[in-house]
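Trainee: I would like to learn how to read a few features of a structure. Please take them one at a time.

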Amino acid sequence: MAEMTAEGKAPEVLFWVGCAGSFDDRAKRITKAIAKILHASGTSFAVLGQEESCTGDPARRAGNEFLFQMQAAMNIQVLNGYGIQRIITGCPHCFNTLRNEYPELGGQYEVMHHTQFIRELIEQGKLRMADGQPFKGKRITFHDPCYLGRANGEYLAPREVIAKLDAELIEMRRCKQNAMCCGAGGAQMFKDAEKGNREVNVARTDDVLETGANVVATGCPFCNTMMTDGVKLAEREDIVVKDIAELIAEAADLV
Amino acid sequence: MLSIVLFALLLVVAITLFAKRIRFVRKAIGLGRDADFSDQTPLRWKTMARVALGQGKMTARPVAGILHILIYIGFVVINLEMLEIVVDGLTGSHRVFRGIPGYDGLIAAFEILAFLVLFACVVFLIRRNVLAIARFRSSELKGWPSLDANLILVAEIALMFAFLSMNAADALLQVRGDAHYPQAGAFPISQWLQPLYAGLSDGGLVAVERGMWWFHITGVLAFLVYVTYSKHFHILLAFPNTYFANLAGPGTMPNMDAVTKEVQLMMDPTADPYAAPPADAAPPETFGVKDVTDLSWKQILEAYSCTECGRCTSACPANQTGKLLSPRKVMMDVRDRAEELAGIKQKEGAEAEGGTPLTARITEEEIWACTSCQACIQACPILISPMGILLDMRRNLIMEESKSPESLTAMFNNVENNGAPWAFPAANRANWITE
């Protein structure tokens, strides 16, 4: 972003990568897939790089309002400084915070989750699936992220994007509004679970297994981690867990 | 004449007890902090009409939902009959509205609904006590809560039976040409009860008819008072509760303005950090929720509105995986504490404290088990948010008590120092581009 500004250019969108997308090895692959899609569609975009900082979502949901607001204030200063208007995020937690919680603190942006943006690109004809669909005949199930679905009511965009894959979309017993959490939200990702009789991601993996799907599509790097672990624990490594961006990048032959 | 006086007395006693209890509950709800809901009035009415009046979320669980709607419609419609009962009671008339057009149809409709209510209540009793439905077997329902639920169902069955028996005896007396019982009403359901009473003398029938009439009206008035002490309060409070519902998405946490001020002060280079606060500044509020007095009054209203159906708990991922957390218990704890504290203040004065604070009822283990997935909010038929209370309690644990699981302290430190929840330097943020 700094470079573009120095050159006097303003990108169409800012790609908000998020902490997982920046640092987690698995999530970095999702980030790359999103970046490839943006490139292939001719979208002019920038990332903040070192100037990006945690939105504060995990701090806020763990009760640390002070830390959240410090992060928000810093990020808003950076975003407003660059005059950012349109943001796409690779993570529903960043998406929710930027979209719903920053406006009250002075950060007004049009924020889109990457599945929404990909849908837009496909609708506008800027992104086309390649011939010889790699997912033809596959059974895909979509795990709704809580902060894309319940928090923001977006159930359609990911499904419409998956529909372009020429695969069969099979819904889990609990989906959309009633989807079960992967267990990572509310800062659970960063702590051990309380005592119980099983892990949340293991319970959710049962829903996946019930569908007989070979691919679990996700829209959140944390869900991705949780579902990957769940499938591994169930010794079902034949089931692939991939973000929708990765599936699209493959189908559009961008890999 | 005596019966008119007796009836009037009964009415006055019931209304007085009801009003007194409402005043108490208002005080209990008023223990909470101020909150402003004067915005978006049209949307608020619409939400109430859809969710409470229209039962918009009930059928997410079809069996319980449809049966509930039967009882709801039955309750609302049959209570029209109460109007006639009250007028009859106060004037000594009998079926005073029998002259209005469509009266027979109305009575027939009441009967059919009464039967449906009876049927639904029987099914509900079976669901609660015979079928092993998990959400009715949770530990927080042991004792009073499950007795409360059963009492309500049995009372409703008894009331409907009395209503139908009254009609059956009345119809028999009508056929026998009793002067006080002119031809009125149609009885599609209670005709099947007539054989039960057909053997009685005229006097016996009058006794049954009057007895059932008194039982029904006394029962209804007693129920009116009972409801305010019970989980069944939802029949009234669901309406204000949905009106005052959170209109932001379930995933949006309310902003703490006091913290915003602090942060602005810190980021303002011209601010004087040592400046004395203005003399008229309000004393700082507790951060987050430690006790019911730190909740908003709306959150206490939610607790009084909760009917302990347990849809939240059965949808909660923490609860499903055997954790201690049950969102329903959170609401019950809030209500019980508000009730306790309001009682203490009523007895010992407004400044009095004591009893068991919320933090001793809702443990840290429960508070930290929440994944903030909002499934409880989605599941609640009347838009209650147990999650909101848990997250507010986290705010207190962190910002007042500095108590958090160790790994979360590390996460906070990382966010503060590296701008990420993990210990990676910000300089590496864009490494994915070249890797």
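Trainee: Where is Q374(B) placed?

Mentor: Q374(B) sits in the loop between α15 (364-368) and α16 (375-379) of chain B. Helices are DSSP runs of H or I with at least four residues, and strands are runs of E with at least two, numbered from the N terminus. This is a predicted model: local features need pLDDT of at least 70, side-chain atom pairs count only at pLDDT 80 or more, and totals for chains, interfaces and linings use all residues. Residues are numbered from 1 along each chain as its sequence is written, chains are lettered from A and ligands numbered from 1 in the order in which they are written, and side-chain values use heavy atoms, with hydrogens and water left out.

Trainee: What is the phi of Q374(B)?

Mentor: Most residues other than glycine have a negative phi. Q374(B) has a positive value, near 70 degrees.

Trainee: Is Q374(B) buried or exposed?

Mentor: Buried means under 20% relative accessible area, exposed over 50%, and partly exposed in between (1.4 Å probe, protein chains only). Q374(B) has 1% relative accessibility, so Q374(B) counts as buried.

Trainee: What is the phi of E308(B), and where is E308(B) found?

Mentor: E308(B) is not a glycine, and its phi is positive, about 60 degrees. E308(B) lies in the loop between α10 (297-305) and α11 (311-315) of chain B. With a relative accessible area of 3%, E308(B) is buried.

Trainee: How many salt bridges are there between domain 1 of chain B and domain 2 of chain B?

Mentor: A salt bridge is a side-chain nitrogen of Lys or Arg within 4 Å of a carboxyl oxygen of Asp or Glu. The count between domain 1 of chain B and domain 2 of chain B is two. The domain bounds come from an automatic or database domain assignment.
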